[in-house]
Amino acid sequence: IGTMDIPLFDLIKPFLFTTHMVIWRNMFDQELQWDEIGFSLSVLLLHIFLFFGISMMAFRKKDILMLSTLGIVNIYLTNAFEFWGLQYLTSFKTCFIYSLSPFLSALFCYLLFKEKLTQKKWLGLIVGVIGFIPILLAQSTSEELTGHFFFFSWAELSVMAACVCSVYGWILLGQLIKEQGYSPLMANGMSMIIGGGIALIH
């Protein structure tokens, strides 16, 4: 919606719409500036090792595993799956798949925290998931190049995996904030350092 050439949208676009999926999609069509990327990576690695060392001394040992899991799942795996899928999916379809997040959140809360789901909630989940199927069945030529698993393309499954990792990561972040007493900036920043470091090594 944010990419439509409608004058009214120009006024409200900064507040209601996002085009980051389109920007990420266009990155695959642009030539990379390796000199600038190399310099940025070297500076970033220095910061990662510096702050990672400091944080290991500051964090409680029992929380290091949860923070590492948060970095791997919420930062590294989420973005790795998403960027691979974006090479073959449109930004619209990627955003559409990400709207599965509320359904996944409800399922995670049911499975992990034994939260009760009423019959109406189960009915809403089922109807919502069924509503996604027609969009997922409509596949472009680029999607078909990735192959299929049942009636899903691997590109769709990759973005779905990104969505699952993202939702689970937010649940972990909530646990660190509410149960372990970390500030959102500290927990999120540490997870970015860990996930970003793994992405650079990969």
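Student: How do the axes of α6 and α7 cross?
Tutor: The axes of α6 and α7 come within 10 Å and cross at roughly 140°. Axes here are lines fitted to C-alpha atoms, for helices over the stretch in contact, and angles run from 0 to 180 degrees between N-to-C directions. Keep in mind that this is a predicted model: local features need pLDDT of at least 70, side-chain atom pairs count only at pLDDT 80 or more, and totals for chains, interfaces and linings use all residues. Residues are numbered from 1 along each chain as its sequence is written, and side-chain values use heavy atoms, with hydrogens and water left out.

Student: What do you call α6 and α7 relative to each other?
Tutor: Oblique, therefore, for α6 and α7. Angles under 35 degrees count as roughly parallel, over 145 as roughly antiparallel, 65 to 115 as roughly perpendicular and the rest as oblique.

Student: Is α6 passing α7 in a left-handed or right-handed crossing?
Tutor: Left-handed, for α6 passing α7. That term applies if the near helix is turned anticlockwise from the far one by less than a right angle, and right-handed if clockwise.

Student: Which residues meet there, in α6 and α7?
Tutor: From α6 you have Phe-103, Ala-106, Leu-107 and Tyr-110, and they meet Trp-122, Gly-124, Leu-125, Gly-128 and Phe-132 in α7. By class, this contact of α6 with α7 has seven nonpolar, two polar and no charged residues. Ala, Val, Leu, Ile, Met, Phe, Trp, Tyr, Cys and Pro count as nonpolar, Asp, Glu, Lys and Arg as charged, and the others, Gly among them, as polar. Contact means heavy atoms within 4.5 Å.

Student: Which residues of α6 are buried?
Tutor: Ser-101, Phe-103, Leu-104, Phe-108 and Cys-109 in α6 are buried. The cut-off for buried is under 20% relative accessible area, with exposed over 50% and partly exposed in between (1.4 Å probe, protein chains only). Those buried residues of α6 pack against α5 (91-98), α7 (119-137) and α9.

Student: Why does Leu-104 count as buried?
Tutor: Because its relative accessibility is 19%. Leu-104 sits in helix α6, residues 101-113. Apart from neighbours within four places in sequence, Leu-104 is in contact with Cys-163, Val-164 and Val-167. Cys-163 is 59 residues away along the chain, with 8.4 Å between the C-alpha atoms of Leu-104 and Cys-163.

Student: Switching topic, how do α5 and α9 pack?
Tutor: With their axes 9 Å apart, α5 and α9 pack at an angle of about 40°. That makes α5 oblique to α9, and the crossing of α5 and α9 is right-handed.

Student: And which residues meet between α5 and α9?
Tutor: Lys-93, Thr-94, Ile-97 and Tyr-98 in α5 meet Glu-156, Val-159, Met-160, Ala-162, Cys-163 and Ser-166 in α9. The contact of α5 with α9 has six nonpolar, two polar and two charged residues by class.

Student: What about Ser-158, is that serine buried or exposed?
Tutor: Buried, because the relative accessible area of Ser-158 is 8%. Ser-158 lies in helix α9 (residues 154-178). Not counting residues up to four places away in sequence, Ser-158 touches Phe-81, Trp-84 and Gly-85.

Student: Zooming out, how many helices and strands does the protein have?
Tutor: The protein has 10 helices and two strands. Helices (H or I, at least four residues) and strands (E, at least two) are DSSP runs, numbered from the N terminus. Of the 202 residues of the protein, 32% count as buried.
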